[in-house]
Amino acid sequence: MSDEDSKDPKESGRRHFLETVTGVVAGAGVCGAAWPFISSMNPTTDVLAKSTSEVELGDIAVGETKTVDWQGKPVFILHRTPEQISEVRNDQSAQTKDPEQDEKRVQKPQWLVVVGLCTHLGCVPLRKDKGWLCPCHGSFYDDSGRVLRGPAPKNLILPPYEFLSDNKILIGKVEEQS
Ligand code: FES
């Protein structure tokens, strides 16, 4: 005990408490910083499972959209009608901003799968007639997820996915464990 401590036992106790709390907080900070690093070195089954999402398509009616979570991001799945398909395949205005053929953006014509984040600043667009409208600055995406107008520079992003069956997809890629 220092001379200072012996003068005021209350002050000594308070200082000891503060030192202890500081040590605990600092330790927690180190653990927090280390976790993502350690976790990335050795991905567990749980981590791998979170990087993919299996989605049932059978409950999405024709013309309806389902939003699912994939890696913390919304993914829009639109079950397109024959009319929606022919419209996006004939719409020449979709070739102006970020030209891309609808055929290159889908694996099966009736199913559109896109990440539901606006490519301008990341807001979540809202489902509207004939596409999605971003409420933040007015970008509009068609039923192929292609930007038609507004400040968004790119079409909605296509996540990696595969069909596990006619009515089930797996979004994301299962990474190989070495
Ligand atoms: S974030 Fe969507 S238009 Fe700006």
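**Reading a predicted model: strands, rings, sulfurs and burial**

Modeller: In this predicted model, strands β7 and β8 pair in the antiparallel sense over 2 bridges.

Colleague: What makes β7 and β8 a pair?

Modeller: Two strands pair if at least two bridges are found between them. β7 and β8 have 2 bridges, so they meet that cut-off. Within the pair, Y141 stands opposite V147 in β8.

Colleague: Which sheet do β7 and β8 belong to?

Modeller: An open sheet of 4 strands, in the order β5-β6-β7-β8, with antiparallel pairing.

Colleague: What makes β5 and β8 the edge strands?

Modeller: Each of them pairs on one side only.

Colleague: How do you know that β2 and β3 pair?

Modeller: The cut-off is at least two bridges, and 6 bridges join β2 (residues 65-70) to β3. Therefore they count as paired, and they run antiparallel. V68 stands opposite V75 in β3. The two strands form a hairpin with 2 residues between them, and Q71 in the turn has a positive phi of about 55 degrees.

Colleague: Which other strand is joined to β3 by bridges?

Modeller: β4, through 5 bridges, again antiparallel. One of the partners in β4 is L112, which bridges to L78. β3 is also mostly covered, with 6 of its 7 residues buried.

Colleague: Why is the pair of F76 and W132 called stacked?

Modeller: By the rule for aromatic pairs, the count comes to 2. F76 and W132 form one of them, with 5.3 Å centre to centre and 10 degrees between the planes. Ring centres must lie within 6.5 Å, and planes under 30 degrees apart count as stacked. Both values pass, so the pair is stacked. F76 is in strand β3 and W132 in strand β6, 56 residues apart, which links distant parts of the chain. F76 and W132 are both buried.

Colleague: Why is the pair of Y161 and F163 called edge-to-face?

Modeller: The centres of Y161 and F163 are 6.1 Å apart, with 65 degrees between the planes. An angle over 60 degrees counts as edge-to-face, so that is the name for this pair. Y161 is buried, as is F163.

Colleague: How do you know that C123 and C136 form a disulfide?

Modeller: The sulfur atoms of C123 and C136 are 1.9 Å apart. The cut-off is within 2.5 Å, so the pair counts as a disulfide. By this rule the count comes to 1. The angle about the S-S bond is -95 degrees, and the link is left-handed. C123 is in the loop between β4 and β5, while C136 is in the loop between β6 and β7, 13 residues apart.

Colleague: Why is C136 called partly exposed?

Modeller: Its relative accessibility is 37%. Buried means under 20% and exposed means over 50%; 37% lies in between, so C136 is partly exposed. C118, at 6%, counts as buried, and C134, at 3%, counts as buried too.

Colleague: What makes R146 buried?

Modeller: R146 has a relative accessible area of 1%, and the cut-off is under 20%, so R146 is buried. R146 lies in the loop between β7 and β8. Its side chain reaches the backbone oxygen of V88 at 2.6 Å. The limit for a polar contact is 3.5 Å, so this distance falls within it. Among the residues R146 touches are E100, D102, F140 and N155.

Colleague: How do you know that the buried residues of α4 are on the same side?

Modeller: In helix α4 (residues 82-90), Q84, I85 and V88 are buried. They cover an arc of only 100 degrees around the axis, which means that they sit on the same side of α4. The buried residues of α4 pack against β3 and β5. The face turned away from that buried side carries the exposed residues P82, E83 and N90.

Colleague: Why is S53 called buried?

Modeller: S53 has a relative accessibility of 14%, and under 20% means buried, so S53 counts as buried. S53 lies in strand β1. Its side chain reaches the backbone oxygen of D69 at 2.8 Å. Residues touched by S53 include D69, W70 and I169.

Note on methods
Residues are numbered from 1 along each chain as its sequence is written. This is a predicted model: local features need pLDDT of at least 70, side-chain atom pairs count only at pLDDT 80 or more; totals for chains, interfaces and linings use all residues. Side-chain values use heavy atoms; hydrogens and water are left out. Buried means under 20% relative accessible area, exposed over 50%, partly exposed in between (1.4 Å probe, protein chains only). The arc is that of the directions from the helix axis to the C-beta atoms. Contact means heavy atoms within 4.5 Å. A polar contact is a pair of N or O atoms within 3.5 Å; within protein, one must be able to donate a hydrogen and the other to accept it, and residues adjacent in sequence count only if both atoms are side-chain atoms. Rings of Phe, Tyr and Trp (its six-membered ring) pair if their centres lie within 6.5 Å; planes under 30 degrees apart count as stacked, over 60 as edge-to-face and the rest as tilted. Lists of a residue's contacts leave out its neighbours within four places in sequence.
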